[in-house]
Amino acid sequence: MKVLVAVKRVVDYNVKVRVKADQTGVDLANVKMSMNPFCEIAVEEAVRLKEKGIASEIVVVTAGPAQAQEQLRTALALGADRAVLIDTGTAELSSLTTAKLLKAVVDKEQPQLVILGKQAIDSDNNQTGQMLAALTGFAQGTFASKVEQAADGLNVTREIDGGLQTVALKLPAVVTTDLRLNEPRYASLPNIMKAKKKPLETLTPDALGVAVKASYEVVKVEAPAGRQAGIKVKSVAELVEKLKNEAKVI
Amino acid sequence: MAIIVIADHDNANLFGATLNTVAAAQAIGGDIHVLVAGQNAQPVADAAAKLAGVGKVLLADNAAYAHQLPENVAPLVVELAANYSHVLAAASTNGKNFLPRVAALLDVDQISEIIAVESADTFKRPIYAGNAIATVRSTAPVKVITVRATGFDPVAAEGGSAAVEAVSLVKDAGISSFVGEELAKSDRPELGAAKVVVSGGRGLQNGDNFKILYALADKLGAAVGASRAAVDAGFVPNDMQVGQTGKIVAPQLYIAVGISGAIQHLAGMKDSKVIVAINKDEEAPIFQVADYGLVGDLFELIPELEKAI
C-alpha cells in the first residue's frame, strides 16, 4: 500500500524558548529547527512498514516555509521515497488549514494509510491527524503504540488514559503516533547523500485550492508564572516537619 | 447562549475530568447541557444529572457509541452542535481523540487544552510545553474547546437535579471497531485526580525498585507517576507518565523521586501546590522548581520517609 507521512518543522526539542518582549509570540530568530519528534516516529513507522513489505511507496509531505525542505530531506534520508512541500511561506497555519492542505494531497496521491505525529511540540494542539481523518472520512487510530496489518485493514493499539486500547480500522486510515510506537533510526551518511537526489515537488495552497485562514487570533503570548526554588532540607525529619506544619499538605 | 459538555466516562462511571470541564463551562456562562454517548450508560447520565450547574443531560445510548469511537461520536456531536454556542470536552485521551474530528466537520478551529477563561470567546492555553501561555480569541461561530482539568476546580458532584433526555440519533460509520483493551488495575487513586502524587524517575534504576514508591504512596493515599525517562527505560507502563506527552497533574503535594527535571516533565507537574524533590544530584534542575529539596540516596531516604509519616 502507498503510505503518506506528514511532518512538521518545529523548534528543536532541546531549545528553551523565550517569549518576545512585545508578547506577539516566541522568539524563533536564530533558533535551531528540527523535525517534530512525533513526526520522526511517523517516518520511522512508515519505513518499517516498507521493510516488512506492507508499504510499497512512502511519500512525505509538509506544509510550511521553504526551509521545511530540510525536514523533508531528513525524511528522505530515513527512507521515504519522495517528498511534497506545500510552500506556505511565513504564514502561521492553523491545524484545520494544515488538515485541509493535507486532504488535498491525499486526494491527489490516494494513499491507503496516512501517518502523522500525535502533536507538534510548538503549538501542542494535537488536532491535525483527527481533522484530516474527519475531512477525508477515514478511520483514525490516534496515539498509536502498535500498528499491525489485519485481515480487513489495520489493528492499532492506542495509548489511553487508563492503559491500552486496540481498535480495528478499515483502510484507508489515519494513524497518529505516540512515543512508544518505535525508536527512530539515525540517517546514515550515504543515505543523506542519496536523499539529495530523491524527487521533491513543491505545491502552493492556491494550487491545491485551499485558503490559508483561521477562526481564531492570538491576542498575546506571555511567559508562564515562574516558580521560585524553595529551600533544601537536611533530613527526612525536617522534610516531614515542613510538610506538616509549614505547607500543611500531609 | 448554551454550552454542551461531552462527558468523559466508561459507561459505568462519570470521570472526574468532566467536573472540571463543567466548571470551565460555568466560567464561560450560559445553560450547560451534558451529552453522554455510550451504551448502557444510564448510571453515567444519572451522575451527570446531579452535577452542580448542569441544566440538562442528553443520553445517546446505542451500541454504536459503546466504546466512543470517534468515527461515530463525532457526527453525533456535530448534529447536536447546531443548538450550542460552545462544545466542550475534557482534554483526556478520549476528548483529544474525537473533538478535533468534530471541529473539522464543523469547519472551525479547535482551541486545545484551555487553562483559563477570559471571556466567552477568549481563552488561555499553554504552548511550547508550557513555556509560553497564549491568549487566544476564537472567532468561530461555534467554539470547540478541550479543557485541561488542572486549570479549573471541579464543580460539586452532588446538588443538581437535571432531567435526562434520550437522544435517538444513531451514527455508525462502520469503518472502525473496538477490539479490546488492557486497563491498569490499581487500588490507588487515579493520577489526574489524586491529592498527592509520588513520581519516580531514572534514579529508581529498575521497575522492581518502584515498590518503595508504592509503599510510600500507600501511606500517603497517593497516586504513583513516573518521568518519561523511567517509562522509556521500561521501568513502568506509559499510563504512569507525567509530562508534556503524558498526564498533566496539579496535586496538593508532588514528590519527585530520582527525577532530574527535564522541561517536558516539568510541563506536567509544575502547577502542583507543593513540590518536593529527592535526588542525589544537588544540581538537578528539579530543585529549581521544588519548594522542598532533599539531597541524598533515595534508597535510604524513601523508606525513612515512609516510616516517618
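Biologist: Which strands does α2(B) lie across, and at what angle does it run to β2(B)?

Modeller: α2(B) lies across β2, β3 and β10 of chain B, at about 165 degrees to β2(B). Keep in mind that this is a predicted model.

Biologist: Which residues of helix α2 of chain B are buried?

Modeller: The general idea first: in soluble globular proteins, nonpolar side chains tend to be buried together. In this helix, residues 42-49 of chain B, the buried ones are B:Val44, B:Ala45, B:Ala47, B:Ala48 and B:Ala49. Their cover includes β2 (31-38), β3 (56-61) and β10 (163-166) of chain B.

Biologist: And what is B:Ala48 in contact with, leaving aside its neighbours within four places in sequence?

Modeller: B:Ala48 touches B:Ala7, B:Leu14, B:Val34, B:Val36, B:Val54 and B:Val57. It also turns up, with A:Val5 and A:Val60, among the residues with the most contacts inside the largest nonpolar core, a set of 198 residues. Helix α1 of chain A (residues 37-51) gives the most to that core, 8 residues.

Biologist: Back to the strands. What is the order of the open sheet of 7 strands in chain B?

Modeller: As a rule, strands of a sheet pair through backbone hydrogen bonds, either parallel or antiparallel. Here the pairing is parallel and the order reads β5-β9-β4-β1-β2-β3-β10. β5 (110-114) and β10 of chain B are the edge strands, each pairing on one side only. On average, neighbouring strands are turned by 25 degrees against each other, direction ignored.

Biologist: How many bridges join strand β4 of chain B to strand β9 of chain B?

Modeller: There are 5, linking residues 86-90 with residues 143-147. Helix α1 of chain B, residues 17-28, lies across β1 (2-6), β2, β4, β5 and β9 of that chain, at about 150 degrees to β4(B).

Biologist: Why does the radius of gyration of chain B agree with a compact globule?

Modeller: Because a compact globule of 309 residues would come out near 19 Å, and chain B has 20 Å. The C-alpha trace spans about 60 × 40 × 40 Å along its principal axes, and 61% of the residues of chain B count as buried.

Biologist: Now the contact between the chains. How many residues does it take from chain A and from chain B?

Modeller: Chain A puts in 64 residues and chain B 70. On the chain A side, β9(A) gives the most, with 8 residues. That side divides into 35 nonpolar, 16 polar and 13 charged residues.

Biologist: In which sense do β12(A) and strand β8 of chain B pair?

Modeller: Antiparallel, over 6 bridges, with β8(B) covering residues 132-138. Look for A:Glu217, which stands opposite B:Arg137 in β8(B).

Biologist: One more: is A:Val240 buried, partly exposed or exposed?

Modeller: Count the surrounding C-beta atoms: a residue needs 20 or more others within 10 Å to be buried, and 12 or fewer makes it exposed. A:Val240 has 17, so it is partly exposed. This residue lies in helix α7 of chain A. Leaving aside neighbours within four places in sequence, A:Val240 is in contact with B:Ala308 and B:Ile309.

Conventions. Residues are numbered from 1 along each chain as its sequence is written. Chains are lettered from A and ligands numbered from 1 in the order in which they are written. This is a predicted model: local features need pLDDT of at least 70, side-chain atom pairs count only at pLDDT 80 or more; totals for chains, interfaces and linings use all residues. Two residues are in contact if their C-beta atoms, placed from the backbone, lie within 7 Å. Helices (H or I, at least four residues) and strands (E, at least two) are DSSP runs, numbered from the N terminus. Ala, Val, Leu, Ile, Met, Phe, Trp, Tyr, Cys and Pro count as nonpolar, Asp, Glu, Lys and Arg as charged, and the others, Gly among them, as polar. Two strands pair if DSSP finds at least two bridges between them. A nonpolar core is a set of buried Ala, Val, Leu, Ile, Met, Phe, Trp, Tyr and Cys residues joined through C-beta atoms within 7 Å. Axes are lines fitted to C-alpha atoms, for helices over the stretch in contact, and angles run from 0 to 180 degrees between N-to-C directions. The radius of gyration is taken over C-alpha atoms; the globule rule is 2.2 Å times the number of residues to the power 0.38.
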